Amino acid sequence: MLKKMFRHYDYSLVIAILVLCAIGLVMVYSASIIVSINRFGYESNFFFIRQLVFLVAGLFCFLIAMIIPYHLYKKLIIPIVFGSIVLLVAVLFIGRTTNNAQSWIYIGSIGFQPSEFVKLGLTIYLAAIFSKKKDKLENFAASAPPISIFGIIFILIMKQPDLGTGMIIAATTGIIILSSGMKPVHKLMLIVAAVFIMGLGSQFISDEQKSRFTAAYAPFSDPEGKGFQLVNSYLAIGHGGITGTGLGQSIQKYGFLPEPQTDFIIAVIAEELGFWGVAIVVGLIAFVVIKGFITGLRSRDTYGSLLAFGISGMVGIQATVNLGAAIGLLPVTGVPLPFISYGGSSLVLLLISMGILVNISCHVNYKRKHQNPEQASVKENLRAV
């Protein structure tokens, strides 16, 4: 069975993921050297070593997720949803605050962000429920339970508050809903409701969150000086130009960008590797996302299709939020760049998600080949010619 699976894996997708992780590891080391020395003395490789450990753990999880049939997760949606809600409630009571968000749980010296794993858990749940109810979606009431679960999770995440993750799960949920068999009029109703809730919610955001918008859209005139991160991101991007200053030669990482290894790592890449370095990173992420959507379109299984759309959308949205913050299109929300930024929880979660996506792709490729034996034989003969 494993031999058959290995024949049908999409190795172009696997290679793209591995290359992104390798680039991320190198850039975390380069971007974090000065921060490491400032915080931990002469331990210039502190963040690099930790990221390497998480990468090894993540790759192990990636391999396991590649092998486990994705249908098995469908049977675990109740414990997945229950566990997600329990973790999000727990973080409000025992969580540790970092960057104005109470979003971390520590077990000894090891910390993790429950919201990172909730993103995948919610995606699996929504894909399973909407595929199960695909024949009942003409009735809007059939969509009420999954939308309610999303609402509960969204509120708990915003209570931390974690605006970035909230944006990602809301957009990912939207992608799954739009890809489901729900009637167009019901989709329109949900879009209108979402816009109304966003408008209403904007009246209750904190002054600190409002300052992030000011810093994003008027960084040079921000009276509180919170736009300095974006200003220095602009300087890094401009300094790098087309070809960059060379690996390890960034100036902005010398204390000008507060978290160069996380939120603004793309600015360091732009400064050191230039336009072409950014183009390679963004191109590889786009390749992974597009491959995921193609897998979803090719899948004849509604659950597999929605799950592929959800995972691909999650990665694409996360990248958009991070890149948008680095160039001033979106407020800074602390969202890491997929596969590239420092962050153990994010990296492990992404690699598990990618393992599931590769498994879906494997099943799609297997069914396409073996359910159309005549077409497959014609293709093989053409290749031989």
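The model is a predicted one, in which local features need pLDDT of at least 70 and side-chain atom pairs count only at pLDDT 80 or more, while totals for chains, interfaces and linings use all residues. Residues are numbered from 1 along each chain as its sequence is written, and side-chain values use heavy atoms, with hydrogens and water left out.

Helix α3 itself covers residues 46-67, where helices (H or I, at least four residues) are DSSP runs numbered from the N terminus. From the first C-alpha to the last, the 22 residues of α3 reach 33 Å, close to the 32 Å expected at 1.5 Å a residue; the expected span is 1.5 Å times one less than the number of residues. The buried residues of α3 are Phe47, Gln51, Leu55, Gly58, Phe62, Ala65 and Met66. Viewed down the axis of α3, these buried residues fall within an arc of 90°, so they line one face of the helix. That arc is taken over the directions from the helix axis to the C-beta atoms.

Attention can now turn to charged pairs. Side chains of opposite charge can pair when their charged atoms come close. A salt bridge is counted when a side-chain nitrogen of Lys or Arg is within 4 Å of a carboxyl oxygen of Asp or Glu, and this rule gives 3 salt bridges.

One of them joins Asp10 to Lys291, with 3.1 Å between the closest N and O atoms. This pair links distant parts of the chain, 281 residues apart: Asp10 sits in the loop between α1 (2-8) and α2 (11-40), and Lys291 belongs to helix α11 (residues 265-298). Asp10 is buried at a relative accessible area of 12%, whereas Lys291 is partly exposed at 22%.

Lys253 and Glu272 form another salt bridge, their closest N and O atoms being 3.0 Å apart. Here too distant parts of the chain are linked, with Lys253 in the loop between α10 (228-240) and α11, and Glu272, 19 residues apart from it, in helix α11. Both Lys253 and Glu272 are buried.

Within helix α5 (residues 114-132), Glu116 and Lys119 are 3 residues apart, so about one helical turn separates them. Their side chains meet in a salt bridge of 3.0 Å, N to O. Glu116 is buried, with a relative accessible area of 3%, and Lys119 is buried, its value being 3%.

Conventions:
Helices (H or I, at least four residues) and strands (E, at least two) are DSSP runs, numbered from the N terminus. Buried means under 20% relative accessible area, exposed over 50%, partly exposed in between (1.4 Å probe, protein chains only).
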